[in-house]
Amino acid sequence: MAEGGAESEELVAKRGSSSIIWNWFGYDKSDMEQTSALCRVCKKTVISKGGNTTNFFHHLKHQHKPEYDESLKMRTDAAKATAST
């Protein structure tokens, strides 16, 4: 998972979202309109229009492979948990 630092602690997940992707991305607390998501690993801004998380997963896949692999595992585990209920 993303390594915690003072800066990454200042990032918050998208309001109303429950995606696991917010373990690796967030918005600066001062970004009240949540327009510029930042990668918690490399601090790069990643564009995502309309709340779509595809660009975030793409960024992890191509820039942070271990984190991407972890995100896939978490998504699979969540899908299994939902299917078994």
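Q: Why is Lys65 called partly exposed?
A: In this predicted model, Lys65 has 45% relative accessibility. Buried means under 20% relative accessible area, exposed over 50%, and partly exposed in between (1.4 Å probe, protein chains only), so Lys65 counts as partly exposed.

Q: What makes Lys65 and Asp69 a salt bridge?
A: Their closest N and O atoms are 2.8 Å apart. A salt bridge needs a side-chain nitrogen of Lys or Arg within 4 Å of a carboxyl oxygen of Asp or Glu, so this pair forms one. Both residues lie in helix 3, 4 residues apart; helices (H or I, at least four residues) and strands (E, at least two) are DSSP runs, numbered from the N terminus.

Q: Which accessibility class does Lys73 belong to, buried or exposed?
A: Lys73 has 54% relative accessibility, so Lys73 counts as exposed. Its side chain meets that of Asp77 in a salt bridge (2.9 Å, N to O), and Asp77, at 37%, counts as partly exposed.

Q: How do you know whether His64 is buried or exposed?
A: His64 has 10% relative accessibility, so His64 counts as buried. This residue is in the loop between helix 2 and helix 3. Leaving aside neighbours within four places in sequence, His64 is in contact (heavy atoms within 4.5 Å) with Cys39, Val41, Cys42 and His59.

Q: What do these values rest on?
A: As the model is predicted, local features need pLDDT of at least 70 and side-chain atom pairs count only at pLDDT 80 or more, while totals for chains, interfaces and linings use all residues. Residues are numbered from 1 along each chain as its sequence is written, and side-chain values use heavy atoms, leaving out hydrogens and water.
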